Each structure stands twice: as structure tokens, then as C-alpha cells.
Amino acid sequence: MANVTSTLDPAAIRQRCDDLNAQAWDVPRSQPARAQALAEEAAALARQIDYGPGLAAALRVLARLRSHAGQYDQALLQSLEALDLAERSQAVGLIPSILNLVANAYRYLGDTSESLDYFRRQEQASQAVDDLLEAAKALIGIGAIYSDTRDYANALTHCERSLGILQQLGQPPYWTGVALNNLCFALFKLNRIDQAIQRGQEALTLARRTQDQRGALRVLNSLSEIYLSGGAIDLALAHLEQAQAVIASLLESGRREPDLENEMMRLRGQAYLKLNQDREALACWQQALDHSDQYKLRGSQYECHQRLAEVYKRLGDYRQALAHHELYESYKDAVFSEESAAKLQNLEVLYRTQAAQKEAEHFASMYEQTRLFNEQLESEVRARTEDLRQAYDQLARLDQAKSNFITITAHELRTPLTVLKGYVQILYNDPGLSADPYKSELLTGILAGSARMHEIINTMLLMVKIDSRTLEIYPQPIELRVLMVKIGEGLKSALEQRRQTLHLDQSLAKLPPVEADLDAVEIVFQKIIENAIKYTPDGGRIEISGRAWNVIPPDLAGRDCPAPAVEILVSDTGIGIDPASLELIFTKFYHTEDAQRHSSSKTSFKGGGPGLGLAIGRGIVEAHHGCLWAESAARDEACCPGSRFHVALPQKQH
Ligand code: ADP
């Protein structure tokens, strides 16, 4: 072989070594010699080129062979060596199965706590490399340890979990057999006998179908133990006969299954004890003890000495009984010493702590992420709020500057305008000038223009007062009908010009008086009625009606209206208002018309104003604790759906 390989390069040797190891690992349990030859060849090649993973894999096969042969101490040493190599050469794929070998060896040698530790490590390692079969094997192992320590409920859950994983893997027969058998045993110990027998039968059928002799032997033992405990000694012995037959056939092909053979011997011993056949029992237990000594099966040695002490006592051989009892005590200490129980406990605690710690770390990192995220969010919100505050301050400053500008400008304009108006009035009253019709017309024009300018300046000053909430009102009882008649009179010529009719409804006559500032309220209605004229085509109709209430009427529910109150409704047959603009029209300088097409007529069709009328109107009404709003189906110059303005004023001012 050396001749063949010496000509190969290291990569090829590694490949060959891997192939040999893979083949060796797959050799069935019944052909140990072949597996041994393949593994030894692989080990030689690996040593030749110092190939760690190759040597680890070869040692893994050899350790398993030792374990199958019942040489558990050697199996342990070899598997620990394999583990060390695999870890050092980072052959992570091998680690779970090697950990399984170590754990099993410890278990057979009676070191439960070490065994559990390695099964736990196997569980984690197989999760790390996503090896489901090894994960299932680890769970089977942990379940077995629980069973050894008489915690059958935990044994059961681990078996069930392992069966779940094996199911996903298409139920590989050997390990499914092991899991079913262990499940059968745990169920039996939990006194669920029928289910236990059913699972046992399943395992037996599976073992027979797949010619898994070890599997058959294992479950035959389990079933005999169940029957033994139920007092069906004949049935138990019949199963043990079958087990004996399997062992014999195994022996024919040179195979041994020391752990199960030993178990079978002990069960037989128990059966004879139950039958009070002390001589047969003695022979069985002695055989089992020799066998346990040969294979260093500590757990079993302990039981054998205990039973032998019992049988010898029954037979009256107290010297032998005492000797076995002493040995039993010494093994008892070794197997179930407080120290080992404490160690087991500690391991469990450590394991659980580790798992809890991992979970805590996971949550901590999630918490940290959320905390960071929140922090970022908060600082973002703080920054945005600050931006907004600055923008708002800026706006407030601009608004203030604008108001100041308007106030100053308006006052500055008002003085020269008053002077201008005064002089024009003197000229107008001069008989020499008024006698000349042409000059008189010019003076009338100047007077009207300056009056309009005055009005605009007053409007601007009023708006500033409303904005700065410094508008003062002087309430007095007002008959709204009288006010409407007065405003109607004032607009007579405009109405005539536009061939519009203004109808004052009967309902106005019945209205109670309201407490309000007459001048201010006049401005409101003046503006609303002027707008009705302005936004209604020639020939249209404007109607003013009213109603009074003590309790807010149902059609106004949800609106913040005063009570008791009087409501004036101004309806027109005009172009209407787009419902989307019904609130916007009350904001300052709002126009639906294009500002470029601005005309300053107060009543000509769609003639625009400064866009302050309704804003001032609402400001005045609100200063009276009333409300002002508009209604319209649409803005449509062709169909003219009309608009309706509502002014609700409280009857009393508090
Ligand atoms: P303006 O000085 O432009 O008349 P207003 O504040 O009085 O300013 O009115 C704001 C806007 O409301 C007007 O430009 C107009 O588009 C709309 N509007 C007011 N009254 C009516 C109405 N009766 N019919 C249709 N639209 C109206």
C-alpha cells in the first residue's frame, strides 16, 4: 500500500484517507474486521501526511469498534483522542458523533455525570453543524441517562423528541429502534404498560424486518422486564429464551453484544429469584457478575453483588452473603455516591443556567437594539421638533412683522387721507365749483374713492385687531331684523344695478333681540350680503331668514353653537362654493378667483376684495362667542347651486 500512496500528492492522499474513513464508518456492525482494516489504513495514511481530520475520523471508527466489542475503557480513550484531534483540526462535522462515543463509553463505565455532560455537548455541537441524526442520538442518550437516574418523565420526553427528529429523517431503522425501545422502557416505568408493550412490539417488528439483531435483543430484554414486573414470569422467560437465541446466532458470526448479553443474564437471574429457584438464580447472577467483571460494567457489577448477597443469605451462606454485601456497598458508593449525585445535579444546573444565559443574552441584544432604535428615534423627533419650533417662531415673527407693517401703514395712510378727504369736502361744498356739473362729478368721484380707501384701511386695522385678539366689543340689545332692513336699504342701488332681489323672510320678525356690538355685527352682515350679491349672477335672488333656539337644534348637533341663540341665514342663488373650500374662505386673503383678475368693486359679479371680509366676519362673530359657517353643494357657474351663510349669535353676552 505504501508503494501506491507514496507516488500520490498530499491532496490525493487526503482524498483517499477520507474515502477509506467514509467506507469504514458505513460498514455494518456485523463486519467489525473490515471496518478495522479500512480505519487502520486510513489512520496510517493520515499519520503519513499529518492529516488531523483523517486521523480523527479513523480513531472514531476504531473507538466505535472497541465500544461494540464491549471494551468501553479503550473506546473511551480512543474517542477522547479522536475528539481532541477533531477539535484541534477543526473537523467540526466529526465532533458530534465522537462526543456520542465518549458519552456512551462513560455511560457504560458507570460515570453518569460525565456521560450526561458529553451528551449535552453532542446536542449543542450537532445543532451547530445542523446534523439532525446526531441531534436525535444526543436526545436518545440524554433520555437514557434520565432513565438511569430514574427520572422517567424526562426520559420519555427526550425519547419522543428524538423520535420526532428521526421521523423527519425518514426513520433510520437502527436509531428508530433504539428510541422506540427506550420509549417502551420509560412508558413501562411510568406504569403505562399497554403503551409500553405496544411500542416494544413496534421496535421488535422493526428490528426483525431490518435484521437488526442488536435491536431485537434490546427490545426482547425490555419486554421480558415488563412481563417480569407484572408477574408474568413464564412470558418473561419465553422472551429471554428468544433473546438467548439471538445471542447464539450473533456468536456464530463472531459477534458479541456484551451490555445486552449482560442485561439478559441479570433478567434471567431475577426471573429465577421470583420463582424462588435459588440455585438457578445463583448461577445466573454469578455468570452475570463474571461477565460484568470481564467487561468492567460497573453498574451491573453493583447489582450482581447485591443480588448475590441476597441469594447467599437465602441459602444460608452468610460468609458469601457478607462478602458480596460489602462489595455491593463499595460499588454503591462509587455508582450512586453523593458526590456523583451532586455532580449530576450541578451539571443539570449548569446546563440550565447556560441555556437561560443564552436566552438572556439573546433578549439583551434584542433589548439593546430596540433601545438604540428608540434612542435614534427620540433624537430624530427632538431634532424635528426643534426644527418645527424654529420654523414656528420664524412664522410668528413674520406674522408679527406683517401685522406691524399693516398697522403702521394703515395709520400712516389714514392721516393724509383724512386731510385729503377734508380738502375735497371743502371743495365739494364750494358753490362756485358745485354749480359746474363736470367739476362736481370729478369731486364726487374723488370723494367716493377716498371713502373706499378709508374703508379698506379700517378693514385692515380691524383684521390686525382680530389677529392680535385685541378687538373690543360693546354689546347692546339689537333687533337683527332692523339691521337687515338697514343694510338692504344701503345696498339698494347695487341690487338694482344687478337686477337682484333681496327678500327678508317673515321669520326675522319673530326673532328675539341679541346682545351684540352693533357696528361690528353690521360689518359682518354687510360683508356677507355684499358677497351674496357679488357671487350671484345678474337677476338672482338673495334671501335672509332667521330662527332662534334655547337648546341647540338637532341639525346643528356636533357644531359648537351657542345657546340660547339667534341664527341668521343668508342664502343666494349664486355660483356656490366648492365644499373643499368651505372652511378656507374664512382664512385671511383667501380668494377663489385669480388674484391677477382682481377688481375692487364691492358688488360687481365676482368682483374681488382684499380677501379679508369673511376672516373679519368670523373674528367678530367669535368675539361674540357665536359661530359663522357656510354651506354649498358645489361651485358651478353654469348651474348656480347657491350658497348659504349661517351666523349664530348668543342672545346674551356674559
Ligand atoms: P373677498 O374680499 O374675496 O370677497 P371674502 O373673505 O369676503 O373675500 O370671501 C372669500 C372668498 O369666499 C371669496 O373670494 C369667494 O370666492 C368666496 N365667497 C364668499 N361669499 C361667497 C358667496 N356668497 N358665494 C360664492 N362664493 C363666496
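1. Let me start with a loop residue. Arg150 has a relative accessibility of 54%, so it counts as exposed (over 50% relative accessible area is exposed, under 20% is buried, and in between is partly exposed, using a 1.4 Å probe and protein chains only). Arg150 sits in the loop between α8 (132-148) and α9 (152-168); helices here are DSSP runs of H or I of at least four residues, strands are runs of E of at least two, and both are numbered from the N terminus. The phi of Arg150 is near 65°, a positive value in a residue other than glycine.

2. A word on what you're looking at. This is a predicted model, in which local features need pLDDT of at least 70 and side-chain atom pairs count only at pLDDT 80 or more, while totals for chains, interfaces and linings use all residues. Residues are numbered from 1 along each chain as its sequence is written, and side-chain values use heavy atoms, with hydrogens and water left out.

3. Asn191 lies in the loop between α10 (173-189) and α11 (193-209), and it is exposed because its relative accessible area is 62%.

4. Now the overall build. The protein has 24 helices and seven strands. Its radius of gyration is 53 Å, well over the 26 Å that the globule rule gives for 654 residues, so the protein is more spread out than a compact globule (the radius is taken over C-alpha atoms, and the rule is 2.2 Å times the number of residues to the power 0.38). Along the principal axes, the C-alpha trace spans about 160 × 70 × 45 Å.

5. Some whole-protein numbers. Of the 654 residues, 45% count as buried. The accessible surface comes to about 34,000 Å², and 54% of that belongs to carbon and sulfur atoms; the areas come from the Shrake-Rupley method with a 1.4 Å probe, and for residues only the protein chains shown count as cover. If you take contacts (heavy atoms within 4.5 Å) between residues at least 6 apart in sequence, 68% join residues at least 24 apart.

6. On charge, there are 69 positive and 85 negative charges, and their mean positions are 1 Å apart. Lys and Arg count as positive and Asp and Glu as negative, with His and the chain ends not counted; each charge is placed at NZ of Lys, CZ of Arg, CG of Asp or CD of Glu.

7. Leaving aside neighbours within four places in sequence, Phe119 is in contact with Asn100, Ala103, Asn104, Ala138, Gly141, Ile142 and Ile145. Ala283, in helix α15 (residues 278-295), counts as partly exposed at 48% relative accessibility. Ala283 and Gly269 are 14 residues apart along the chain, and their C-alpha atoms are separated by 7.8 Å.

8. On to the strands, which pair if DSSP finds at least two bridges between them. Strand β2 (residues 501-504) runs parallel to strand β4 (residues 541-549), with four bridges joining them; Leu504 has Ile544 in β4 as its bridge partner. β4 in turn runs antiparallel to β5 and is joined to it by eight bridges. Ile542 stands opposite Asp572 in β5, and Glu543 stands opposite Ser571.

9. The loop between β4 and β5 is where Pro564 lies. Check the peptide bond there: Ala563 and Pro564 are joined by a cis peptide bond, with omega about -10°.

10. β5 is mostly covered, with eight of its eight residues buried. Ala565, Glu567, Leu569 and Ser571 point one way from β5, whereas Val566, Ile568, Val570 and Asp572 point the other way. Strand β5 (residues 565-572) is antiparallel to β7, and seven bridges join the two. Leu569 stands opposite His646 in β7, and Ser571 stands opposite Arg644.

11. Last, β7 itself. Seven of the eight residues of strand β7 (residues 643-650) are buried, so the strand is largely enclosed by the rest of the structure. Strand β6 (residues 627-632) pairs with β7 in the antiparallel sense over six bridges, and Ala630 has Phe645 in β7 as its bridge partner.
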